[in-house]
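Colleague: Could we take a close look at one part of this model, the aromatic pairs and the helix that carries one of them? Please go through it slowly, with the cut-offs as they come up.

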Amino acid sequence: MDAMNHPDPQSPRMQPGPPCAEVPARTPAATRPRVVVVGGGFAGLETVTNLRGAGVDIVLIDQRNHHLFQPLLYQVATASLATSEIAWPIRHLMRGRPDVQTLLAKVTGVDPTARQVRLDDGTTVAYDYLVLATGARQSYFGHDEWKPFAPSLKTLEDATLIRSRLLLAFERAERETDPERQRAATTFVIVGGGPTGVELAGTIAELARVTLPKDFRHIDTRRARVVLIESGERLLAGFDPSLSAYAAAALRKLGVELEFGNPVSACTARGVVFGGRELPADTVLWGAGVRASPAAEWLSAPADRAGRVQVLPDLTVPGHPDIYVLGDTASVAGPDGQPVPGIAPAAKQQGRYTGQAIRRRLAGGMPAPFRYRHQGSLATIGKRKAVIDFGRVKLRGPIAWWIWGLAHIYFLIGIRNRLSVALSWLWIHTRGQRGARLITHDAADDADAARGTVQ
């Protein structure tokens, strides 16, 4: 997943203690407006940043205790980076903001009439302005029963699960004596030819062909099959066709098998079925689609086919000028008339706009409509190749890869993380080694349970 082209979904819930005992209800005597921001991703944090010094009290609610740099999540899944290099505790990020209260909680609904956010412990949080930046979920197109067999890549838990499944596959193959079972164990299927699928396929191929061969004695990891299935006619459908063609050629050079034009029709513990053919594979990864969080249902607001709230040009909900919806949760037209893409720069622009819009409204003014400025689309293909589509300017190959890397490092939080990621990439680039090859027990058990091998 590339740094600029991935949605930033809200993570699955942790098990917090009572989250809201210290959040009083709004009273007529309250002198400072309260802004409630739901979601600690790119859009939510950018909103909070731009409300510094605005004379408001802010309540930041998230299901997880950390902000996740989701564009680099695939690098955790493929053993290139550690979890701590792409995630930061939200409380730590807010430590210098006495105007911000952070709550670890899950939002279950919104009462626009009472101006309250409902939480899963039965409590509520009142607001004067509400910002919903709750991200997106993976979509299995009506086949949620496939999820145990084909995990998606949206959270840190997803990444560590996928990493364990990848590494366990080679471990099983090392001990397997049946040639057919060994082939299935070392066959990796990725469903979806967007940035996530392309980046996963390229990195898994390099893991098998460059990083692991010397680690095993009875199998040749270079014989592993990596199959990328795309129901459309080309990869990276949002990019220029010439860049799509380059990405396809680069993946084939890495040994990735590309299958176009046939959607997956079945996914089980034994593998997948597409185009009437069954492909035995122990490891299937899903990157074929996303669906917005249930914010539209909370608000009874109009939504598009992906469940995104159809907001007004100022990012507010029709009929509710005090409610802003941002990022992957919102559908708003860009300058070209097309919906603003669900990528990190778009979410940050919307968060910046919303913070400034609330400030202007508090001062008695009216904000201008949100205007999205597209900064380019990026995707990486392995460790030395990438594609960048800036519109009129299109780049590919090593120079695009260096720009991709610098862009990602720039958007990371903190000097330590930037240095750590830069050094990790330099080591991989020069030595071909990935140091985060850890199998976590919980993820291993989950992977075995999905295949029905736990006794």
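Modeller: A residue is called buried under 20% relative accessible area, exposed over 50% and partly exposed in between, using a 1.4 Å probe and protein chains only. This is a predicted model, in which local features need pLDDT of at least 70 and side-chain atom pairs count only at pLDDT 80 or more, while totals for chains, interfaces and linings use all residues. Residues are numbered from 1 along each chain as its sequence is written, and side-chain values use heavy atoms, with hydrogens and water left out.

Phenylalanine 170 is buried, at 1% relative accessible area, and phenylalanine 188 is likewise buried at 1%. Rings of Phe, Tyr and Trp (its six-membered ring) pair if their centres lie within 6.5 Å, and planes under 30 degrees apart count as stacked, over 60 as edge-to-face and the rest as tilted. The count by this rule is nine aromatic pairs; among them, phenylalanine 170 and phenylalanine 188 make a tilted pair, with 5.2 Å between centres and 40 degrees between planes. Phenylalanine 170 belongs to helix H4 (residues 156-175) and phenylalanine 188 to strand S11 (residues 187-191), so the pair ties together parts 18 residues apart in sequence. Helices (H or I, at least four residues) and strands (E, at least two) are DSSP runs, numbered from the N terminus.

As for helix H4 itself, 16 of its 20 residues are buried. Its end C-alpha atoms are 29 Å apart, which agrees with the 28 Å that its 20 residues should span at 1.5 Å a residue, the expected span being 1.5 Å times one less than the number of residues.
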